[in-house]
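Biologist: Could you take me through this model? I'd like to start with the terms, then go on to the details.

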Amino acid sequence: MPKDTGIGASPKRREDVRFLTGKGRYTDDINVAGQAHVVFLRSDVAHGRIRGIDTAAAEEMEGVIRIFTAKDFEGVGGIPCGWQITDRQGNPMQEPKHPILAEGKVRHVGDPIAAVVAETRDQARDAAEVIVADIEDLPAVIDMKKAVAEGAPLVHDDLTSNLCYDWGFVEENREAVDRAISGAAHVTTLELVNNRLVANPMEPRVAVGDYAFHDDSSTLYTTSQNPHVIRLLMGAFVLNIPEHKLRVVAPDVGGGFGTKIFHYAEEAFCTFAAKQLQRPVKWTSSRSEAFMSDAHGRDHVTKIELALDADHNFTAVRTETYANMGAYLSTFAPSVPTWLHGTLMAGNYKTPNIYVNVKAVFTNTVPVDAYRGAGRPEATFQLERVIDMAARELGVDPVELRRKNYVTEFPYATPVAVEYDTGDYNATMDKLLSMIDREGFAERRRESEARGKLRGLGINAYIEACGIAPSQLVGQLGARAGLYESATVRVNATGGLVVMTGSHSHGQGHETSFAQVVADMIGINEDQVEIVHGDTANSPMGMGTYGSRSLAVGGSAMVKATEKIIAKAKKIAAHLMEASEGDIELKEGRFTVAGTDKSVAWGDVTLAAYVPHNYPLEEIEPGLEETAFYDPNNFTYPAGAYACEVEVDPETGKVDVLAFAAADDFGNVVNPMIVEGQVHGGLAQGIGQALLENCAYDEEGQLLSASYMDYAMPRAHDLPMFQVDHSCQTPCTHNPLGVKGCGEAGAIGSPPSIVNAVIDALHSGGHDVPHIDMPLTPARVWHAMQGGAANLGSAQPAAGSGNTTHDRSVGAGDTATH
Amino acid sequence: MYDFELVKPKTLREAVAALQAEDAQALGGGQTLLPTMKARLAMAEQFVALSGIDEIKGVCLDDDGRICIGGGTTHATVARECAESYPALASLAGRIGDPAVRNRGTIGGSIANNDPSACYPAGALGSNATIMAEGPNGTREIAADDFFLGMFTTALEEGEIVSEVKFPVPERARYEKFIQPASRFPLVAAFVAKFSDGVRVAITGASSSGVFRWTEAEEALSADWSPDAVKGLTAPDAGEMISDLHGDGAYRAHLVKVMTARAVAAA
Ligand SMILES: Cc1cc2nc3c(=O)[nH]c(=O)nc-3n(C[C@H](O)[C@H](O)[C@H](O)COP(=O)(O)OP(=O)(O)OC[C@H]3O[C@@H](n4cnc5c(N)ncnc54)[C@H](O)[C@@H]3O)c2cc1C
């Protein structure tokens, strides 16, 4: 029976009332009295030396208050990077300075050169147009493989090359992996691109800086997924403001998808300028600016080899990936292709030998960082593609090949440093197969063929690591921050309570689902519980929301704090009922004494806590407020199986997604409706990546897809009705709720389903196409059917350099069967 | 946006007069102009809004049986009012952009703009329409064949307004549009129209010189009105096609054939 309230129920999202009626309070709705506006002059070339910036005429323009350039930031820190990677030789990565405004050189289209602060935004924009930036064009490096070649122009003159790091994982396993591959019965090789994406949250970024002279404190309102992290990074590393003098507020945030995790130059600028000018300073990004200043996602070029023995057991996986960092290191950029990607290369499989090599490369492009899934989609895509390709080469069923190699015993320690606590991959695959009528596929294919269409079925598994956390582990891995979470539960005298969580909701529905958990634990109505987040002035130090960590880590902190509340409340109840504490039970909002008919209500106890007339003051303090910090001892590992059916129009190459099914294991589920919504959104983004979205640069480093005229977002009509199921539940073994996280799964698991299905469709039509790089646009699919591979004006590399899909994706005849 | 003056005349005459001012520009539905103005890529001292001029709005029939559409008529109106009289044109209008665009954007604006990927130029050229241009010296009648002169270029003179477009109604016609997935403008679209004296085929989205008549297909189809007649043709020269992120010349040239054949099949 579905529940009506509490854990497992699906109450409607309370926050949607304000969002759907236009009453949300977003950062751009915040206007501080006396505020000025800043507009950034941004580079329109990808690489150039700044010979001079003439602001004289602009300075004279109406309304202009002050124009800032790099020289105003001498003595101010650069934007810090939050993660340090150690390379194969044991050396730290190359870490260039990331100035707030371009210093000496511009390094990507969109790099801010000058900032005009004026009375109005239009005045600032007018003046920015009058600034004369004298920039000597330099050759740009866009293609990663060219960027690391001998003699390539340097993005940063003070670095030895454009290579940020060359990382081997696990370096000690390298030789064993090489041996396993050379001795394998069959090796399948695939070269592929994981396409660069623009996150495109509905709300562009905004920052408002404010400075209070009376107590020398700064406030930053910003569109952030983690206000405390911004406070720490910006305060300690950039502007030298102690945390007790700095407040960061991230109110309603209209979507983040990762790109609002990071600390951005515009935030530091507004905070800095507000103090300099003694006036609040506001920046609102335009959509065009967002395309060239929000951190992008993905952009990997990978070669993967899968070795199998004669019985089709996976014996080794070896990968070599070029990961684009863009022109500067964004906050978590170095961790994405390494710890969020390398550690997932075992997938759902018991492959004994794995070696992952990642070369992170600087190019004259917008910085690249985490985007929904971050590293795990890249891992899943290559693995699930190469397995499909191996099944085709070997003539075996792709589902059976996967099942044969599934990890089935838990806990399972992978050869890539993580331990899966629990899971049941056969269960999700069984569930999936029960949802999709695989037997009927041949008939459906014939029906499509009768209409002149090619039909394909793609099936794959995925696993991801969520609840991004254990601080000690991530510390060993190079994180410069801890990754616990916090919560304060403040119970009021009349029984209602407020939870101040370090997690941040920017569309996830925490105000609803978190309230369900606390209300359920105490047995009170959900409307007695208020969830507050996004303000460093009231929440304890928290690490924010990304990596599907909110419920698993933030929810656990909240549970711990609520447990402390309940323990204390029981002491009070015991005192009120003159019973022994051990006999007190809390159920449906009442405290009872076991074996008696005595009871007191939740509200009686909370009132006693604040009006302690009859109260055990010798034993406990008055009041009912508790804080907990939770630092788990492992990641969580959601996993599942996805399937999709597509139809390809062989005349045009157009792909239609006819059906998509997802069987996920998220452990326990608090609000099934919200979980389904998260999966739907993730699938839409994954399908968008697979079929539509392509952030492309040309050879000169101009962004070709710089607006929605050229960057295709998925729309409702591009998507089928989704079938989603989360009834397979192996609860997480190490957090109190047994939850795993569901925010990214859809985006992680779905791209390979789509590509597998399209390749299957093409093969059914007699087209021996090994692989097509995403997005599988009609032009690319059509060219692949003709045996070619179109570059379409984009300088981003294909994996291989050939002009045919075969050359590009398989390389020079590397597929070997011994 | 830069600052500008806006005038909103009630008659065509007043509008033509207002357009004679230094640096004045017509504003139709604004569905092309407003985004460019917001991006500060377009500017003028004075914009002359055509939306208050009733005499250039609406659809009627003339004595020759031509469908006459006022230059200020929105795409939505054409989609509605031509559904019976000229279904191919109605379906073209009904697939432009989204409802907001269709309820603002006008046929006059689309034709005057002559975007190489716009729909209406194909409809006008394929239908052998006549464009009525109103200027300070009166009205000029311009055949579609003489009107579209290449990407964003037309035979309109400075200060002229498209007041009406007259469409002869073919025996059969169809517009087949293959959308560019981001903008949803045509990547390639074909308008085919079969008249008693021959077939016309107009292609948009494909060529770097804008909308064009595919004469080989017209000849083939005039002789044999069937999709197979198109399938036997060689595609137009890929070198003259637009090549961009969404498709290179070879792909567009191929689509020209596919869309034309499909239009014939569906007409
Ligand atoms: C989201 C979106 C999607 C779209 N999709 C499509 C599509 O699929 N297919 C398609 O064809 N178009 C599409 N359009 C463009 C749309 O059809 C526009 O309506 C059309 O291009 C311009 O018409 P308008 O009335 O809005 O003209 P405006 O934008 O007002 O003006 C455009 C130009 O024409 C001039 N002008 C306007 N009216 C006249 C006139 N009567 N006489 C002389 N000059 C005039 C203006 O001075 C200006 O130079 C889309 C637009 C948007 C915003």
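Modeller: One cut-off to begin with: buried means under 20% relative accessible area, exposed means over 50%, and partly exposed is in between. Keep in mind that this is a predicted model.

Biologist: Fine. Is B:Arg213 buried or partly exposed?

Modeller: B:Arg213 has 28% relative accessibility, so it counts as partly exposed.

Biologist: Which residue does the side chain of B:Arg213 meet in a salt bridge?

Modeller: The partner is B:Glu218, with 2.9 Å from N to O. B:Glu218 has a relative accessible area of 6%, so it is buried.

Biologist: Where does B:Arg213 sit in the pairing of strands?

Modeller: B:Arg213 is in S12(B), opposite B:Ala202. Strand S12 (residues 212–213) of chain B runs antiparallel to S11(B), and two bridges join them.

Biologist: How many residues of strand S11 of chain B are buried?

Modeller: Seven of the seven residues in strand S11 (residues 198–204) of chain B are buried, so the strand is mostly covered.

Biologist: Which way do the residues of S11(B) point?

Modeller: B:Gly198, B:Arg200, B:Ala202 and B:Thr204 point one way, while B:Val199, B:Val201 and B:Ile203 point the other way. Side chains in a regular strand alternate between the two faces of the sheet.

Biologist: Which strand pairs with S11(B) over seven bridges?

Modeller: That is strand S10 (residues 186–195) of chain B, and the pairing is antiparallel. B:Val192, for instance, has B:Val201 in S11(B) as its bridge partner. S10(B) and S11(B) form a hairpin, with two residues between them.

Biologist: What about S6(B) and S7(B), what joins those?

Modeller: A hairpin joins S6(B) to S7(B) through two residues. Strand S6 (residues 130–135) and strand S7 (residues 138–143) of chain B pair in the antiparallel sense over six bridges. Within that pair, B:Thr130 stands opposite B:Ala143.

Biologist: Parallel or antiparallel, what is the pairing in the sheet S1-S3-S2 of chain B?

Modeller: The pairing there is parallel, and the three strands form an open sheet in that order. Strand S1 (5–7) and strand S2 (24–27) of chain B each have a single partner strand, so they stand at the edges and one side of each has no neighbour in the sheet. From one strand to the next, the twist averages 30°.

Biologist: How many bridges join S2(B) to S3?

Modeller: Four bridges join S2(B) to strand S3 (residues 46–49) of chain B. One of the pairings is B:Ala24 with B:Gln46 in S3(B).

Biologist: Let's move to the ligand. Which residues come nearest to it?

Modeller: There are 30 residues around the ligand, and B:Ala26, B:Gly29, B:Gly30, B:Thr106 and B:Cys119 come nearest.

Biologist: Which elements supply at least two residues of the shell?

Modeller: S2, helix H6 (107–113) and strand S8 (161–167) of chain B each do. The largest share is that of H6(B), with five residues.

Biologist: What polar atoms lie by the ligand's oxygen and nitrogen atoms?

Modeller: A polar backbone atom of B:Gly28 is 2.7 Å from an oxygen atom of the ligand. A polar side-chain atom of B:His75 lies 3.0 Å from an oxygen atom of the ligand. For B:Gly97, a backbone N or O atom lies 3.3 Å from a nitrogen atom of the ligand. Taken alone, the ligand exposes 960 Å², and the protein buries 89% of that.

Biologist: Back to salt bridges. How many are there over all chains?

Modeller: A search of the whole structure finds 63. One of them is between A:Asp299 and A:Arg196, at 2.7 Å from N to O. This pair links distant parts of the chain, with its residues 103 apart. A:Asp299 is in the loop between helix H8 (287–293) and strand S13 (300–308) of chain A, and A:Arg196 is in the loop between strand S8 (186–194) and strand S9 (206–212) of chain A.

Biologist: Buried or exposed, what are A:Asp299 and A:Arg196?

Modeller: A:Asp299 and A:Arg196 are both buried.

Biologist: And which residue forms a salt bridge with A:Arg438?

Modeller: A:Asp397 does, and the closest N and O atoms are 2.5 Å apart. A:Arg438 has 26% relative accessibility, so it counts as partly exposed. A:Asp397 is also at 26%, so it too is partly exposed.

Conventions:
Residues are numbered from 1 along each chain as its sequence is written. Chains are lettered from A and ligands numbered from 1 in the order in which they are written. This is a predicted model: local features need pLDDT of at least 70, side-chain atom pairs count only at pLDDT 80 or more; totals for chains, interfaces and linings use all residues. Side-chain values use heavy atoms; hydrogens and water are left out. A salt bridge is a side-chain nitrogen of Lys or Arg within 4 Å of a carboxyl oxygen of Asp or Glu. Buried means under 20% relative accessible area, exposed over 50%, partly exposed in between (1.4 Å probe, protein chains only). Two strands pair if DSSP finds at least two bridges between them. Axes are lines fitted to C-alpha atoms, for helices over the stretch in contact, and angles run from 0 to 180 degrees between N-to-C directions. A residue is near a molecule or strand if one of its heavy atoms lies within 4 Å of it. A polar contact is a pair of N or O atoms within 3.5 Å; within protein, one must be able to donate a hydrogen and the other to accept it, and residues adjacent in sequence count only if both atoms are side-chain atoms. Accessible areas come from the Shrake-Rupley method with a 1.4 Å probe; for residues, only the protein chains shown count as cover.
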